[in-house]
Amino acid sequence: MLKVGVLGAGHLGKIHLKLLNQSDKYQLIGFYDPVKENALKVSDEFGYKSFSSVDALIEEVDVVDIVTPTLSHFDCAKKAIEKGKHIFIEKPITKTIEEAETLIKLAATHNVKGQVGHVERFNPAFTAVKDAIVNPMFIETHRLAEFNPRGTDVPVVLDLMIHDIDIILSVVKSEVLHISASGVSVISDTPDIANARIEFKNGCVANLTASRISLKNMRKTRFFQRDAYIAVDFFEKATEVVKMKNAPEIPGDFDIILQNAEGVKKQIYFENPTVEANNAILDELETFADAINNNTTPIVTLEQGTEALRVAHMIINDF
C-alpha cells in the first residue's frame, strides 16, 4: 500500500480523503489544510490526522494528492516532487503553462510520476464508448451548470470547459490549427459562459459551450465520424451509438435504410454499450497507484494536463 497524504480539505479534498481511506491500494497518512478551523473540524469529524504544514505531510508519504486552489498547485507540487514524491494534482494542472512545463521537467529529473485529475476520462459513459471513437471529424459539447460560488475565481474555461478540452484532445490525434472563441462575464469578474471552436490540422472541428449560470445541469458530448454518431451523456452516465453499414441486398422488414443522391444505400443500426457503474474519482486515484506500482504511464499524464491547459489559455486569450 502506498502512503498518501492530501493537501486541501475543502469540498473535493474531503471526497478524496474518504475514498483514499477506503482504498486498499493506499494507506491514508493524513492531510494539511491552511484554514485551521477547517482542519480541526475535518480531523474531529472523520478522525484523519491533520499535519501542521505542507512540508511535514510530504515527509511522511509516498504520494501527495493536491486538492488545493489552482493558484497553489505549482508550489505544492514542486515541493513534493523535489522530495521524490509522486503527485496526483487536480485540474487544471497549474495556473500557467510555464508552471506546468516546469513540473514536467522536475518530475523527469526526480524520476517521479504525476497524474492530473481530469475525472471525466473515468466516467463510465465515456469509457464504454471511447474505443469506438476512432476518427471523429465533428464534435459538439455542452457543459452547463447551475451557479455555484466555488470555482468562480477562474474563468469558466478553466473551471468547466477544460474537462471537454481534455476529452477532445484524448480522441483527436491531430494538432490544433486554429481557435476562435467568445466569453461573457455575467455575475463573476471572469467569463461565466463561453463558446469555442477548435479546428485541427486533420480537418476535425470541435464546438464547445460551457456555462456556470444555467438553470439546469447538462454535460453532453456528440462525436460524428464516418458511418457513426456517438453521444456521451457525462451527467446521466448514458451513451447512444448509431452506426451505418452497407445495406443488405434484401433488407429485412424492420431494417432502417437510407439512400443518398448517388443511389448508395446504407443500413442504420444501433449499439448499446454496457455502462458499468463506478466511482470515477476512486478509479482515477487507484489507476495512479497501479501506474506507480507497475511503473507504467498514468492514464492522464502531466503532459496531457499541460496540453489541456495550453488549449484553454488559447481560448481565453481569444476572448
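Me: How many aromatic pairs are there, and what makes two rings a pair?

Reply: Rings of Phe, Tyr and Trp (its six-membered ring) pair if their centres lie within 6.5 Å, and by this rule five aromatic pairs are counted. Ring pairs link F138, F224 and Y229 into a cluster. This is a predicted model, in which local features need pLDDT of at least 70 and side-chain atom pairs count only at pLDDT 80 or more, whereas totals for chains, interfaces and linings use all residues. Residues are numbered from 1 along each chain as its sequence is written, and side-chain values use heavy atoms, leaving out hydrogens and water.

Me: Why is S214 called buried?

Reply: Buried means under 20% relative accessible area (exposed is over 50%, partly exposed in between; 1.4 Å probe, protein chains only), and S214, at 18% relative accessibility, therefore counts as buried. S214 is found in the loop between β9 (205–211) and β10 (218–225).

Me: Which residues are in contact with S214, leaving aside its neighbours within four places in sequence?

Reply: With contact taken as heavy atoms within 4.5 Å, they are L144, A145, E146 and F147.

Conventions: Helix = DSSP H or I, 4+ residues; strand = E, 2+ residues; numbered from the N terminus. Phe/Tyr/Trp six-rings, centres within 6.5 Å; stacked < 30°, edge-to-face > 60°.
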